[in-house]
Amino acid sequence: MDTTDASAVSGLDLRYPGDAGFDEARTVWNAMVDHRPALVVRCREAGDVVAALALARREGLEIGVRCGGHSVVGHGVPDGGLMIDLTPMGAVRVDPERKRAWAQGGALLGALDRATQPHGLATTAGNVSHTGVGGLTLGGGMGWLARQYGLACDNVVSYEVVTAAGEVVRASADERPDLYWALRGGGGNFGVVTEFEFRLHDVGTRALSVGLDFPVGDAASAAFRWRDLSAYAPRQATYTASVHDGVATLGFVWVGDPDEGRAHARELDALDALGSPTDRRIEELSYLDLQTREDTTEGHALRRYWKGHYFRELPDAALEALLSHGPDVRAGLQAYGGAIAEVPDDETAFSQRDVRFEYVVAASWTDPDDDEDRIAAARTSATLLEPFASGVYVNVLGDDGADGVRRAYPPEKLARLAAVKRTYDPDNVFHLNQNIPPAAA
Ligand SMILES: Cc1cc2nc3c(=O)[nH]c(=O)nc-3n(C[C@H](O)[C@H](O)[C@H](O)COP(=O)(O)OP(=O)(O)OC[C@H]3O[C@@H](n4cnc5c(N)ncnc54)[C@H](O)[C@@H]3O)c2cc1C
């Protein structure tokens with residue numbers, strides 16, 4: 001392509017290989033991803049996205065859309081294609097009276113929380129603040145507030161979207177309800193979202209984290225009891241379990257009055273009697289600290305691989321399989337239920353609202369020579385849990401391909417999503433995602 005000509009025609013901020021900022025723009029969370037776009041378009045507004053799309057189509061370039069860059073397989077960065085870089089569109093505006101926030105399409109979760117918390121407000125966001133609002137919300141968006149207020153996507157009142165045809169449109173309950181339905185859980189398949197309008201809630205600013213550590217060999221009875229307690233937990237509590245390096249940690253995260261959280265923590269006293277905890281932590285912290293406390297362990301620059309499952313039930317044998325995971329992987333469970341399960345299933349593209357737990361097993365390492373072993377370790381662990389699984393969360397999919405997408409959505413949802421895709425992206429321009437191809441005409 002004649003680079004001078006392209007930038008003169010469009011007036012866009014274009015970065016080619018070798019330009020300042022090019023390598024930063026293509027570097028994403030997972031260090032295994034080393035994709036090199038032909039060019040990056042740094043978008044500052046919806047009009048830039050429209051122009052970038054037109055440029056890509058004119059030049060016949062594959063399109064990738066990058067927000068937080070946390071797709072584990074690097075879907076935001078097209079190898080040899082045109083990357084629509086939304087990171088300059090990271091602003092969040094809040095109206096505390098109307099309890100609304102408008103996040104630009106490239107905003108990170110931290111920007112959303114930092115803008116809303118000074119007003120004691122928040123909406124559901126994920127657990128690591130450098131994750132993108134874009135990818136997380138479009139796939140559903142699970143976080144510590146979801147049992148109280150629904151998933152991130154359940155709190156989106158409207159979207160501003162640039163469609164494959166290059167039109168800037170709005171989607172809400174009243175405008176293009178088919179698109180609004182698909183954007184709530186269907187991923188980045190339907191256009192480039194340049195703005196999310198979120199409903200906010202009075203969540204205050206305080207939180208509590210409770211964790212009991214057990215040697216994995218001595219954790220089974222306590223894990224069974226932890227699972228049983230989770231079924232009756234108040235919505236402020238999101239039960240969590242993790243297994244790493246021979247230690248099983250059982251507990252919950254509480255968002256709300258910490259004293260009420262402490263009172264609930266006494267329910268876990270029974271776990272002490274069932275095993276021999278080596279540590280017991282009850283930590284009061286601000287909601288903002290809660291939202292950033294995993295930022296370092298889940299930081300950039302490591303090689304990463306993960307697999308996930310959903311569980312409708314978690315029989316003893318499943319927990320025993322979890323506790324048998326080797327030291328090379330980190331596995332976690334996070335409870336669903338509450339407000340997530342109350343949204344009628346056909347109201348959003350997001351599926352499997354009746355699950356009780358989400359499971360992720362992850363490996364992280366630095367030496368490329370270890371790739372094969374570490375990936376194998378995560379896959380082996382996930383295989384142990386597969387017989388108990390009922391599906392998977394679309395945002396946890398990695399290299400699972402079309403089979404993964406079929407695990408994330410039941411056939412009737414996939415058919416409806418494919419029909420909406422045909423309306424808004426019949427040529428599958430947006431296919432670097434967990435792809436839903438358009439239905440045949
Ligand atoms: C460290 C870490 C922690 C996580 N924690 C959670 C969690 O707590 N809860 C949870 O639900 N998920 C969590 N996830 C999963 C996360 O939701 C997905 O990885 C998600 O795809 C990341 O979005 P992103 O914008 O950062 O990534 P990107 O790689 O930039 O984008 C991911 C996909 O979304 C598309 N996309 C992004 N923005 C837009 C947009 N504005 N318009 C159209 N398409 C867009 C991209 O094209 C790509 O296909 C986590 C992931 C990581 C790596």
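# Reading contacts in a predicted model

Tutor: Helix H3, residues 46-59, has 14 residues and spans 20 Å from its first C-alpha to its last, close to the 20 Å expected at 1.5 Å a residue. The expected span is 1.5 Å times one less than the number of residues. Helices (H or I, at least four residues) and strands (E, at least two) are DSSP runs, numbered from the N terminus.

Student: What kind of model is this, and how are residues numbered?

Tutor: This is a predicted model, in which local features need pLDDT of at least 70 and side-chain atom pairs count only at pLDDT 80 or more, while totals for chains, interfaces and linings use all residues. Residues are numbered from 1 along each chain as its sequence is written, and side-chain values use heavy atoms, with hydrogens and water left out.

Student: Which residues of H3 are buried?

Tutor: Buried means under 20% relative accessible area, exposed means over 50%, and partly exposed lies in between (1.4 Å probe, protein chains only). In H3 the buried residues are Ala 46, Asp 48, Val 49, Ala 52, Leu 53, Leu 55 and Ala 56. Just after H3, Gly 60 has a positive phi of about 65°.

Student: How many salt bridges does the structure hold?

Tutor: Side chains of opposite charge can pair when their charged atoms come close. A salt bridge is a side-chain nitrogen of Lys or Arg within 4 Å of a carboxyl oxygen of Asp or Glu. The structure holds 30 salt bridges. One of them joins Asp 202 to Lys 99, with the closest N and O atoms 2.6 Å apart. This pair links distant parts of the chain, 103 residues apart: Asp 202 is in strand S11 (residues 201-202), and Lys 99 is in the loop between strand S5 (92-95) and strand S6 (100-104). Lys 99 counts as partly exposed because its relative accessibility is 29%.

Student: Where do Asp 354 and Arg 312 lie?

Tutor: Asp 354 and Arg 312 form a salt bridge, their closest N and O atoms being 2.8 Å apart. Asp 354 lies in the loop between helix H13 (339-342) and strand S18 (357-365), and Arg 312 in the loop between strand S16 (303-311) and helix H12 (316-323), so the pair ties together parts 42 residues apart in sequence. Asp 354 is partly exposed at 45% relative accessibility, and Arg 312 is partly exposed at 37%.

Student: Is Lys 413 buried or exposed?

Tutor: Lys 413 is buried, with a relative accessible area of 4%. Its side chain meets that of Asp 345 in a salt bridge (3.3 Å, N to O). Salt bridges also link Asp 13, Arg 15, Arg 42 and Asp 85 in a network.

Student: How many aromatic pairs are found?

Tutor: A pair of aromatic rings is described by the distance of the centres and the angle of the planes. Rings of Phe, Tyr and Trp (its six-membered ring) pair if their centres lie within 6.5 Å; planes under 30 degrees apart count as stacked, over 60 as edge-to-face and the rest as tilted. A search of the whole structure finds 12 aromatic pairs. Among them, Tyr 159 and Tyr 180 are edge-to-face, at 6.0 Å centre to centre and 65° between the planes. Trp 226, Tyr 239, Phe 252, Trp 254 and Phe 357 form one aromatic cluster.

Student: Which residue lies over the face of Trp 181?

Tutor: A charge sits over a ring if NZ of Lys or CZ of Arg is within 6 Å of the ring centre and within 35 degrees of the ring normal. Arg 416 lies over the face of Trp 181, 3.8 Å from the ring centre.
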